[in-house]
Amino acid sequence: VVVVGMAMLNGSGGGYVELEPTVAGIFLLFLVGVLASATMVIPGVSGSMMLLLIGYYNPILDMIKAFLVAVLGMDFPALLRTMLILVPFGTGVLAGMVVIAKMIEVVFERYPTYAYWAIIGLLLGSPLAILMVGTFYELTFVGVMAGIIALVCGLFISNKLGEK
(Lines give C-alpha, C1' and ligand atoms only; values in the text may rest on other atoms or scores of the structure.)
Protein backbone atom coordinates (compact mmCIF):
# COMPACT_ATOMS: atom_id res chain seq x y z
CA VAL A 1 0.00 0.00 0.00
CA VAL A 2 2.85 2.40 0.84
CA VAL A 3 4.71 1.86 -2.42
CA VAL A 4 1.59 2.02 -4.60
CA GLY A 5 0.41 5.07 -2.63
CA MET A 6 3.68 6.85 -3.36
CA ALA A 7 3.26 6.09 -7.06
CA MET A 8 -0.29 7.44 -6.99
CA LEU A 9 0.76 10.62 -5.15
CA ASN A 10 3.38 11.36 -7.75
CA GLY A 11 1.08 12.16 -10.66
CA SER A 12 3.97 13.21 -12.90
CA GLY A 13 5.07 9.62 -13.45
CA GLY A 14 8.46 9.97 -11.88
CA GLY A 15 8.79 13.70 -12.35
CA TYR A 16 11.96 15.69 -12.30
CA VAL A 17 12.94 17.56 -9.16
CA GLU A 18 15.26 20.54 -9.44
CA LEU A 19 18.29 20.02 -7.19
CA GLU A 20 19.25 23.23 -5.42
CA PRO A 21 22.30 23.66 -3.14
CA THR A 22 20.34 25.66 -0.52
CA VAL A 23 20.31 24.73 3.17
CA ALA A 24 16.83 23.21 2.83
CA GLY A 25 17.81 21.50 -0.43
CA ILE A 26 20.94 19.99 1.11
CA PHE A 27 18.95 18.69 4.10
CA LEU A 28 16.34 17.23 1.73
CA LEU A 29 19.07 15.56 -0.34
CA PHE A 30 20.46 13.98 2.84
CA LEU A 31 16.98 12.62 3.66
CA VAL A 32 16.52 11.37 0.10
CA GLY A 33 19.87 9.58 0.43
CA VAL A 34 18.72 7.96 3.67
CA LEU A 35 15.46 6.86 1.99
CA ALA A 36 17.33 5.50 -1.03
CA SER A 37 19.72 3.50 1.13
CA ALA A 38 16.88 2.22 3.29
CA THR A 39 15.16 0.78 0.25
CA MET A 40 18.45 -0.70 -0.94
CA VAL A 41 18.97 -2.49 2.38
CA ILE A 42 15.44 -3.88 2.59
CA PRO A 43 15.33 -7.18 0.69
CA GLY A 44 13.33 -7.06 -2.51
CA VAL A 45 12.95 -3.29 -2.74
CA SER A 46 14.73 -1.20 -5.34
CA GLY A 47 16.37 2.04 -4.31
CA SER A 48 16.26 3.31 -7.88
CA MET A 49 12.53 2.59 -8.07
CA MET A 50 11.95 4.61 -4.91
CA LEU A 51 14.03 7.49 -6.28
CA LEU A 52 12.02 7.30 -9.50
CA LEU A 53 8.75 7.42 -7.57
CA ILE A 54 9.73 10.57 -5.69
CA GLY A 55 11.24 12.25 -8.76
CA TYR A 56 14.93 12.17 -7.80
CA TYR A 57 16.24 9.35 -9.98
CA ASN A 58 16.92 11.29 -13.18
CA PRO A 59 18.17 14.46 -11.44
CA ILE A 60 20.70 12.45 -9.40
CA LEU A 61 21.86 10.59 -12.53
CA ASP A 62 22.19 13.87 -14.40
CA MET A 63 24.19 15.33 -11.51
CA ILE A 64 26.54 12.31 -11.54
CA LYS A 65 27.03 12.79 -15.29
CA ALA A 66 27.70 16.52 -14.75
CA PHE A 67 30.20 15.64 -12.02
CA LEU A 68 32.08 13.27 -14.34
CA VAL A 69 32.10 15.85 -17.13
CA ALA A 70 33.40 18.48 -14.68
CA VAL A 71 36.16 16.14 -13.46
CA LEU A 72 37.26 15.23 -16.97
CA GLY A 73 37.09 18.85 -18.13
CA MET A 74 38.78 20.19 -14.99
CA ASP A 75 35.84 22.62 -14.59
CA PHE A 76 36.22 23.54 -10.91
CA PRO A 77 33.09 25.75 -10.56
CA ALA A 78 30.92 22.96 -12.02
CA LEU A 79 32.74 20.42 -9.85
CA LEU A 80 31.93 22.45 -6.72
CA ARG A 81 28.29 22.86 -7.75
CA THR A 82 27.84 19.14 -8.37
CA MET A 83 29.60 18.22 -5.14
CA LEU A 84 27.21 20.50 -3.19
CA ILE A 85 24.46 18.17 -4.44
CA LEU A 86 26.17 14.78 -4.46
CA VAL A 87 28.00 14.97 -1.10
CA PRO A 88 24.82 15.43 1.01
CA PHE A 89 23.08 12.71 -0.99
CA GLY A 90 26.03 10.32 -0.61
CA THR A 91 26.35 11.12 3.09
CA GLY A 92 22.66 10.32 3.50
CA VAL A 93 23.12 7.03 1.65
CA LEU A 94 26.02 6.00 3.92
CA ALA A 95 24.27 7.10 7.12
CA GLY A 96 21.07 5.39 6.05
CA MET A 97 22.81 2.12 5.31
CA VAL A 98 24.32 1.97 8.78
CA VAL A 99 21.22 3.08 10.70
CA ILE A 100 18.61 1.22 8.64
CA ALA A 101 20.64 -2.01 8.57
CA LYS A 102 20.81 -1.94 12.37
CA MET A 103 17.09 -1.17 12.62
CA ILE A 104 16.23 -4.03 10.28
CA GLU A 105 18.41 -6.38 12.32
CA VAL A 106 16.51 -5.42 15.50
CA VAL A 107 13.12 -5.79 13.77
CA PHE A 108 14.04 -9.26 12.46
CA GLU A 109 15.18 -10.33 15.95
CA ARG A 110 12.09 -9.04 17.78
CA TYR A 111 9.31 -9.30 15.19
CA PRO A 112 10.37 -11.78 12.49
CA THR A 113 6.83 -12.62 11.32
CA TYR A 114 5.85 -8.98 10.84
CA ALA A 115 9.17 -8.24 9.13
CA TYR A 116 8.69 -11.03 6.60
CA TRP A 117 5.08 -9.99 5.91
CA ALA A 118 6.20 -6.38 5.42
CA ILE A 119 8.82 -7.51 2.90
CA ILE A 120 6.25 -9.65 1.08
CA GLY A 121 3.97 -6.60 0.91
CA LEU A 122 6.77 -4.48 -0.51
CA LEU A 123 7.60 -7.19 -3.06
CA LEU A 124 3.98 -7.40 -4.18
CA GLY A 125 3.50 -3.62 -4.29
CA SER A 126 6.69 -2.73 -6.13
CA PRO A 127 5.72 -4.17 -9.54
CA LEU A 128 2.39 -2.35 -9.34
CA ALA A 129 4.18 0.93 -8.64
CA ILE A 130 6.56 0.33 -11.55
CA LEU A 131 3.60 -0.34 -13.85
CA MET A 132 1.94 2.88 -12.66
CA VAL A 133 4.91 5.17 -13.36
CA GLY A 134 6.74 3.25 -16.06
CA THR A 135 6.86 4.05 -19.73
CA PHE A 136 6.51 0.92 -21.80
CA TYR A 137 7.36 0.33 -25.38
CA GLU A 138 5.89 -2.22 -27.73
CA LEU A 139 6.97 -5.80 -27.31
CA THR A 140 9.39 -7.15 -29.84
CA PHE A 141 10.56 -10.68 -30.48
CA VAL A 142 14.10 -9.79 -29.34
CA GLY A 143 12.79 -8.18 -26.16
CA VAL A 144 10.62 -11.17 -25.27
CA MET A 145 13.47 -13.61 -25.98
CA ALA A 146 15.87 -11.53 -23.88
CA GLY A 147 13.34 -11.59 -21.04
CA ILE A 148 12.92 -15.36 -21.27
CA ILE A 149 16.70 -15.89 -21.34
CA ALA A 150 17.14 -13.59 -18.33
CA LEU A 151 14.39 -15.48 -16.46
CA VAL A 152 15.99 -18.86 -17.16
CA CYS A 153 19.44 -17.55 -16.13
CA GLY A 154 18.00 -16.06 -12.94
CA LEU A 155 16.23 -19.31 -12.05
CA PHE A 156 19.41 -21.31 -12.72
CA ILE A 157 21.57 -18.99 -10.62
CA SER A 158 19.11 -18.87 -7.71
CA ASN A 159 18.81 -22.68 -7.83
CA LYS A 160 22.61 -23.09 -7.72
CA LEU A 161 22.97 -20.57 -4.89
CA GLY A 162 20.26 -22.34 -2.89
CA GLU A 163 21.88 -25.81 -3.01
CA LYS A 164 23.42 -25.81 0.44
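Visitor: How many aromatic pairs are there?
Guide: The count comes to 1 aromatic pair, where rings of Phe, Tyr and Trp (its six-membered ring) pair if their centres lie within 6.5 Å. This is a predicted model, in which local features need pLDDT of at least 70, side-chain atom pairs count only at pLDDT 80 or more, and totals for chains, interfaces and linings use all residues. Residues are numbered from 1 along each chain as its sequence is written, and side-chain values use heavy atoms, with hydrogens and water left out.

Visitor: Why is the pair of F108 and Y116 edge-to-face?
Guide: The ring centres of F108 and Y116 are 5.1 Å apart and their planes stand at 75°, so the pair is edge-to-face. Planes under 30 degrees apart count as stacked, over 60 as edge-to-face and the rest as tilted.

Visitor: And is Y116 buried or exposed?
Guide: Y116 is exposed, at 51% relative accessibility, whereas F108 is partly exposed at 24%. Buried means under 20% relative accessible area, exposed over 50%, and partly exposed in between (1.4 Å probe, protein chains only).

Visitor: Changing topic, where is T82?
Guide: T82 lies in helix α5, residues 76–110; helices (H or I, at least four residues) are DSSP runs, numbered from the N terminus. T82 is buried, with a relative accessible area of 0%.

Visitor: Which residues does T82 touch?
Guide: Leaving aside residues up to four places away in sequence, T82 touches M63, A66 and F67, contact meaning heavy atoms within 4.5 Å.

Visitor: What about V152, buried or exposed?
Guide: V152 counts as exposed, at 51% relative accessibility, and is found in helix α7, residues 141–161.

Terms used:
Helix = DSSP H or I, 4+ residues; strand = E, 2+ residues; numbered from the N terminus.
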